[in-house]
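Have the model at hand and try each task before reading on.

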Amino acid sequence: MQLFKAAFERSLTERDWKQNILFSFQLPRGATHLRVLLEYAPHEVSGYLNMLTLAVFDPSGWRGAGHRHGDRHEVVIGADGATPGYLPGPVPPGEWAVEVDTHMVMPGPSCQMKLTIRADSDPEGQPAPAPVPGRTAPRGPGWYRGDLHAHSPHSDARWDIPALLAFARARGLDFTTLSDHNSTAGLAEMLAASADDLLTLGGMELTTFRGHALALGVHQWIDWRTRPGGRSMDQVAEEVVSRGGLFVIAHPSAPGDPYCTGCDWRHPGLMPGGASAVEVWNMDWRSEVNNEDALALAYRWLNQGCRLPMTAGTDNHGEHLDLKYGFNVVYAAELSEAAVLRAIGAGHLYLSSGPALGLQARAGSLAAMMGDALAAPAGEAIRVAASWSGCAPDDRAALVVDGEERERVPAGGQGSAAWQIESGAARWCHVTLRDSQGTVLALTNPIYFTGGS
Ligand SMILES: [Zn+2]
Ligand SMILES: [Zn+2]
């Protein structure tokens, strides 16, 4: 039985692009299901897509979001289930709001949108039992391999969470993350799947109009919406960190509007500001997101004196499963979410599509691993040593100092190299492994030289 109905129509122009448009309404008592339908046209203008997405807020706050393409978005929320991206549960009376986020409104013909909202009192099915968080037996200190960026149908992926977990297991990962666009609705299922052989991490991809960032390790929805004079992206980053998460700038050099709406990083206060890390390896190294440019950007930030860990993420949406993805190999105190996040925040990781890669620096009795700083007295010689295995005959290892390639050596099979750097003459170094085409196969996080006196 229908208890409530409302319809809104808007004609959107280029001026309405990158807005959060709220449609509020009062729901009467007794509703069991909320149904929302968003339709808009045209879908395509000059070969590019208009992109409007939905979010729903109930009287207590965020209730879900559906960040996906398509000119027809249909949402049902009830105690017995909800459309992916949204949280199932009771439909309480009070003030609700449906938000239309205008990720892309192309110049040209105006975009006609129609929003229909209905609440019904219907016979209810059985509510699904709430998933119980899974447990991963702690293992001791060691190198753990995992993914920090992947999607499910709770945003715009083609595969479900069991398929995502199967992908991780087939690649021998120790941990894997769910980071859906602007939704945490899949996290209950993801975290319930944590098991001894595979740790699952919480997360969300803050999919803003001016760049994407991973909120790694968060279990609650983070409000990604910013407005001039109001909440800034810097405050969003602070909130992620204050909740125990890492704020990772994702694919910063990806092509942006109108091809991939808001996909390139353009938040001036976070260049890198209070960001925890930057994802320099998204999908496979040669993907269209310009990983080489992302690495060059990280070099610029490191040269400015930032200590910014570099991460990899498959950004897997359940397609192209055979790509040469980059994974993170993290030295953590144990295999737990907190320890893995701590290690990534400290830069104790290298990124690799296959080979193992180590890096250490020594000066006198001092030693540092990747991510650490070595405070060698000025003028003292620093010995930097790299080791690797699993390389092809034509692969090459290179020492990069302050963003410049210093020396390159053949790296076939298993090997090692050592270099000397004078303290005070360099601020940081790291090592890359590339194949004969120049494609990165692995790279370490930097070791920093603080030139103590
Ligand atoms: Zn993204
Ligand atoms: Zn993503």
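**Exercise 1.** Are Phe4 and Phe25 buried or exposed, and how are their rings arranged?

Step 1: Phe4 is buried, and Phe25 is too, where buried means under 20% relative accessible area, exposed over 50% and partly exposed in between (1.4 Å probe, protein chains only).
Step 2: Their ring centres lie 5.4 Å apart with planes at 20°, so the pair is stacked. Rings of Phe, Tyr and Trp (its six-membered ring) pair if their centres lie within 6.5 Å; planes under 30 degrees apart count as stacked, over 60 as edge-to-face and the rest as tilted.
Step 3: Phe4 sits in strand E1 (residues 2–12) and Phe25 in strand E2, 21 residues apart, so to speak linking distant parts of the chain. Strands are DSSP runs (E, at least two), numbered from the N terminus.A note before going on: this is a predicted model, in which local features need pLDDT of at least 70 and side-chain atom pairs count only at pLDDT 80 or more, while totals for chains, interfaces and linings use all residues. Residues are numbered from 1 along each chain as its sequence is written, chains are lettered from A and ligands numbered from 1 in the order in which they are written, and side-chain values use heavy atoms, leaving out hydrogens and water.

**Exercise 2.** Classify the aromatic pair of Trp159 and Phe167.

Step 1: The centre-to-centre distance is 5.5 Å, and 65° separates the planes.
Step 2: The pair is therefore edge-to-face.
Step 3: Both Trp159 and Phe167 are buried.

**Exercise 3.** Which strands stand at the edges of the open sheet of 4 strands?

Step 1: The order is E2-E10-E6-E7, with antiparallel pairing; two strands pair if DSSP finds at least two bridges between them.
Step 2: E2 (20–27) and E7 (61–66) each have a single partner strand, so one side of each lacks a neighbour in the sheet.
Step 3: E2 is joined to E10 (residues 94–104) by 8 bridges, and Ile21 has Val100 as its bridge partner in E10.
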